[in-house]
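Reader: Hi! Could you walk me through this model?

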Amino acid sequence: MDCQFFSGAVRDHFLRGGLAVVGNRMLFSSPSDVMNLFCVGLSHHTANVETRERYLPRRPGESLRTDCGCAEAVMLATCNRVELYAAAHDTVTTEQIAHCLAREGAQPRQDGAGFYRYEEEECVRHLFRVVCGLDSMVIGETEILGQVKKAYALARESGSAGPLLHRLFQRAFHVAKQVRSRTEITRGAVSVASVVVDLAVKIFRDLAQRKVLLLGAGEMSERTARALRARGVSDIRVSNRSFERAERLAASVHGRAVAFQHWPNECREIDILISSTAAQEPLLTPEILGPMIRERLERPLFIIDAAVPRDVAPEVNKMDGVFLYDIDALQSIAEQSLALRRLQIAPADAIIAEHVADFRVCYAGASLQLASAA
């Protein structure tokens, strides 16, 4: 077996014995040392955006891990998924995890509906598929790898990710690199930002004369701004709670920063509003937008809401002259250009299967005691 991801101390521990082989699992003689590896979450595959936005972590790092009753935990929250990768000595139910992930003040389902659960080998396989973009709304997208790396780094900093998850996530990053180099899974435009811009092109055909407002200046907005610029958009306006961040992003695409308190006024002039902020309540409502729409003289306004929780109240879509697309609507756009990337799923899964098998041999059923020796 190829246990290159383990130190000599760990390999020696295997060779000294003290292991009981049960099926595909290797268990230590002390049951109290055995760790159960699992993932609980929900994504665009199992829950719509209205459900997903109820389950964003309200407690970061260490407190989330202890509240869920886990020994180790890594929290992954993106616009399309909320997942907890964890290891625990005792059984932690899906309902317990769902309760811990529920946003404060939200009304989550009591039965954990919409959540999936993967344990041991299936948990490993799921993470590997996630980092490779095989489980994403846009197959092969590369944003998810950076998001997983950031989630893992935060968990390490807080002490929430221990030795077992450290080995798992390091292997996952290696798998993602190998899948990218050996397949064409990332060929073409594969990011959520590119799908947003593709939608704008479908609506307007030529974007050169269009005015665009980006609400938010995070990674998603940055990618979108650069994609818009590449498509010929010269009038890009950026608004963010931190005006300094808005200025930096606007300068990078030769755009213009807008003070956050003044962004609603921009709705009188723009053609497209793309919103991706971290607001917990809708920023754009019929009451805010109404006066601006009446001044647009029958010019339609297209709004793309890429945020979770949503930045735009659903009722906005009922307003005359307004066309609203949320993160779920983007999925149908993505489906139209995924044929080539779907052909790469099988070879990518074959690479993943090799690494899952190797990880199982090297580390399945590993205990905290073993992991600490690394």
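Predicted model: local features only at pLDDT ≥ 70, side-chain atom pairs only at ≥ 80, totals over all residues.

Reader: Thanks! How many helices and strands are in the chain?
Author: The chain has 16 helices and 12 strands. These are DSSP runs numbered from the N terminus, with helices (H or I) of at least four residues and strands (E) of at least two.

Reader: And what share of the residues is buried?
Author: Of the 374 residues, 53% are buried. Buried means under 20% relative accessible area, with exposed over 50% and partly exposed in between (1.4 Å probe, protein chains only).

Reader: Let's look at H7. How far apart are its end C-alpha atoms?
Author: They are 29 Å apart, which agrees with the 28 Å that the 20 residues of H7 (residues 163-182) should span at 1.5 Å a residue. The expected span is 1.5 Å times one less than the number of residues.

Reader: Which residues of H7 are buried?
Author: Among them are Leu-164, Leu-168, Phe-169, Ala-172, Val-175 and Ala-176.

Reader: OK, at what angle do H5 and H7 pack?
Author: Helix H5 (residues 121-131) packs against H7 at about 45°, with the axes 9 Å apart. Axes are lines fitted to C-alpha atoms, for helices over the stretch in contact, and angles run from 0 to 180 degrees between N-to-C directions. That makes H5 oblique to H7; angles under 35 degrees count as roughly parallel, over 145 as roughly antiparallel, 65 to 115 as roughly perpendicular and the rest as oblique.

Reader: Which H5 residues make the contact?
Author: Val-124, Leu-127, Phe-128 and Val-131 of H5 do, meeting H7 residues including Leu-168 and Arg-171. Contact means heavy atoms within 4.5 Å.

Reader: What about H6 and H7, what's the angle there?
Author: Helix H6 (residues 143-158) and H7 pack at about 165°, with their axes 11 Å apart. That makes H6 roughly antiparallel to H7. On the H6 side, the contact is made by Leu-145, Val-148, Lys-149, Tyr-152 and Arg-156.

Reader: New topic: is Ile-293 buried or exposed?
Author: Ile-293 is buried, with a relative accessible area of 15%. Its place is in helix H12 (residues 286-294).

Reader: What does Ile-293 touch?
Author: Not counting residues up to four places away in sequence, Ile-293 touches Leu-301, Met-319, Asp-320 and Val-322. The C-alpha atoms of Ile-293 and Val-322 are separated by 8.2 Å.

Technical notes. Residues numbered from 1 in each chain as written. Heavy atoms only, no water.
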